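Here is a friendly briefing to read alongside the structure. Take a look at the model, then follow the topics below.

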Amino acid sequence: MVMVFFAFSDVLKSEEVENSAPENMFLGSGTCASSVCHGTADARDVAGLKVNQNEFTIWFFNDSHRKAYDTLKKPISKTIARNIGLGKPAHESQKCLSCHSTNPPSGLASDSFDITEGVGCESCHGPSGNWQKLHTSKEWNEDKYAEYGMYDTDTYSNRAKKCINCHVGNKSKFVDHELIAAGHPDLNTFEFNTFIANMPPHWRESDDEKREWQETELWMTGQVETLKQNLTNLADRASGNKWPEFSEFNCFSCHHDLTDEGSWRQQYGYPYRTAGYPLWNSYRYASIKPLSKAISSDIHNSLTPEINRLKRNMDKFGIYNKSQIAKTANSIVNQLNSLSAKIEDKRANDKITKTLLLNITSDADSISKDGIRAA
C-alpha cells in the first residue's frame with residue numbers, strides 16, 4: 001500500500017506542478033511526498049542534507065495534525081456547529097477550518113492543494129509556491145527564509161509562536177466562552193514543551209539541540225510566549241465590543257461545588273476582587289513568577305506589580321476598566337519581550353534548572369491559589 005501511495009505522490013511532484021506554481025501559492029502536502037524528497041518509508045542520512053527525507057511519511061501516518069480536518073466531521077463538531085448557529089457543517093466553515101486545516105486565503109490554493117489533508121506542511125513552513133523548487137537547488141539561501149515565504153522554525157521562540165497561533169489563539173482565530181459552552185475543548189491546557197515531546201518528531205535535531213538542558217529552554221520559551229499571546233488576546237478583547245469575555249476568567253470560579261462548611265475559595269477570601277465575581281484566569285503567570293525571578297530580578301520586580309494591577313482591573317469582569325486592562329496587558333507583553341530575549345541569550349544549565357525548581361516549589365502555596373490550572 002505504501003509503495004502505491006508514494007508512486008502517486010511522485011506524480012504530484014511532477015515538473016508540471018513545480019513549474020506552473022505561481023508565487024505564494026499553497027501547493028499542498030502531497031507535493032512534498034516524493035520518495036526523493038520527504039516521502040521515504042525510512043529515515044536516510046545523506047551527506048549535506050539536514051533532513052531525514054521521511055518527514056511526510058511520519059506526518060501522514062503518525063501525526064494528529066493530519067487528522068485535524070477529520071475531527072470536523074465527528075458528531076461533537078456537528079453539535080458545536082448547531083449550538084453556535086453556524087448555519088453550515090463545521091468542515092465547511094472558515095471559523096473551524098482556520099485551525100483544523102491548512103486554510104489558504106482566497107485564490108491562493110493551487111490545483112494540487114487538498115484541504116482535507118488537515119494541518120499540513122505549509123501550516124508551519126509557509127506557502128511553498130515560491131520556494132518548493134528553489135529549496136532543493138544550489139541557489140537556496142537559508143538567510144532569506146522570509147523573502148522566499150518559508151517560515152523559520154530554527155529558534156524555539158519561532159516554533160512556539162507557530163504552535164500558539166492555533167493552540168492558544170489570536171485575534172483572527174480563537175476559542176471563546178461561546179465555543180466552550182457549545183462543546184469545544186478550552187485551550188487552557190497547552191504547554192509548548194509537553195506538546196513537542198508528544199509529537200512524533202519529523203525533524204532532525206542539530207548537535208546544538210542535543211545539549212543536556214534543552215528541555216529547560218523549551219519550557220521557559222513556551223511559558224513566556226504563551227503568556228505573551230494570552231495577554232495580547234486579553235488586550236484585544238478588552239479593546240473591543242464583546243466584553244466581558246468569560247473565557248478570560250477562571251472557569252472554576254463558577255463551575256464548582258458550594259458547600260455548607262465553606263469552600264477553600266471562601267476561606268481564602270477575595271484579594272484583588274469582589275466576592276461573587278469570577279477570578280481572572282491568571283494561571284499562566286503562576287509559572288512566569290518563578291521563571292522571571294531565575295532569569296532577571298529586574299524584570300521580575302517590574303512584572304509583579306503590573307500583574308497585580310491587571311488582577312485588580314479584572315475585578316467585576318473588568319467592566320469599569322477596559323482601557324486600563326488593555327494598557328496594562330500590553331505593558332506586560334513588552335516586559336515579556338525583554339524576558340524572552342534574555343532567555344534566548346542565556347543557555348540553560350543545571351544551576352538555572354535547579355533554581356527554577358526551587359522557585360516553583362517554594363512558591364507552591366501562592367501558585368495553588370491561582371487555581372486548579374496553575375496547580
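## A residue in the middle of things

Leu234 is buried, with a relative accessible area of 0%; buried means under 20% relative accessible area, exposed over 50%, and partly exposed in between, computed with a 1.4 Å probe on protein chains only. Residues are numbered from 1 along each chain as its sequence is written, and side-chain values use heavy atoms, with hydrogens and water left out.

**The chain as a whole**

- The chain holds 18 helices and zero strands; helices (H or I, at least four residues) and strands (E, at least two) are DSSP runs, numbered from the N terminus.
- Of its 375 residues, 46% are buried.
- Among contacts between residues at least 6 apart in sequence, 70% join residues at least 24 apart, where contact means heavy atoms within 4.5 Å.

- The average pLDDT of the chain is 86, and 88% of the residues score at least 70; pLDDT is the predictor's confidence in each residue, from 0 to 100.
- Confidence is lowest in helix α1 (residues 2–12), with a mean of 37, and highest in helix α4 (residues 68–71), at 97.
- Over residues 1–21 pLDDT stays under 50, and the model has 30 contacts beyond four places in sequence for this stretch.
- Where pLDDT is low, the predicted coordinates should not be read in detail.

**Helix α12 and Leu234**

- Leu234 is found in helix α12.
- Because 21 of the 26 residues of α12 are buried, this helix is largely enclosed by the rest of the structure.
- The end C-alpha atoms of α12 are 38 Å apart, which agrees with the 38 Å that its 26 residues should span at 1.5 Å a residue; the expected span is 1.5 Å times one less than the number of residues.
- Leaving aside neighbours within four places in sequence, Leu234 is in contact with residues including Trp243, Glu248, Trp280 and Leu310.
- Leu234 and Asn330 are 96 residues apart in sequence, yet their C-alpha atoms are 9.0 Å apart in space.

**Nonpolar cores**

- The largest nonpolar core has 32 residues, and those touching the most other members are Met220, Leu231, Leu234, Leu291, Leu336 and Leu339; such a core is a set of buried Ala, Val, Leu, Ile, Met, Phe, Trp, Tyr and Cys residues joined through side-chain atoms within 4.5 Å.
- Two or more residues of this core come from each of α12, α14, α15 (297–313), α16 and α17.
- A second, separate core has 11 residues, among them Phe190, Phe192, Phe195 and Met199.
- Not counting residues up to four places away in sequence, Leu231 touches Trp280, Leu310, Ala329, Ile332, Val333 and Leu336.

**Helix α17, one side in and one side out**

- Helix α17 (residues 350–362) has 13 residues and reaches 18 Å from its first C-alpha to its last, close to the 18 Å expected.
- Its buried residues are Ile352, Thr353, Leu356 and Asn359.
- Seen down the axis of α17, these buried residues fall within an arc of 130 degrees, so they line one face of the helix; the arc is that of the directions from the helix axis to the C-beta atoms.
- On the other side of α17, the exposed residues are Lys351, Lys354, Leu357, Thr361 and Ser362.
- Among what covers the buried residues of α17 are α12 (214–239) and α14 (283–295).
- Asn349 caps the N-terminal end of α17, with a side-chain oxygen 3.1 Å from the backbone nitrogen of Lys351.
- Asp350 lies in α17, and at 49% relative accessibility Asp350 counts as partly exposed.
- The C-alpha atoms of Asp350 and Trp213 are separated by 7.1 Å, although these residues are 137 apart along the chain.

**Backbone details to look up**

- Trp243 and Pro244 are joined by a cis peptide bond, with omega at about 5 degrees; Pro244 is found in the loop between α12 and α13 (264–268).
- Gln53 has a positive phi, near 70 degrees, in a residue other than glycine.
- Gln53 sits in the loop between α2 (15–20) and α3 (55–62), and at 6% relative accessibility Gln53 counts as buried.
- Most residues other than glycine have a negative phi, and most peptide bonds are trans.

Methods
Predicted model: local features only at pLDDT ≥ 70, side-chain atom pairs only at ≥ 80, totals over all residues. Polar contact = N/O pair within 3.5 Å; in protein donor to acceptor, adjacent residues only side chain to side chain.
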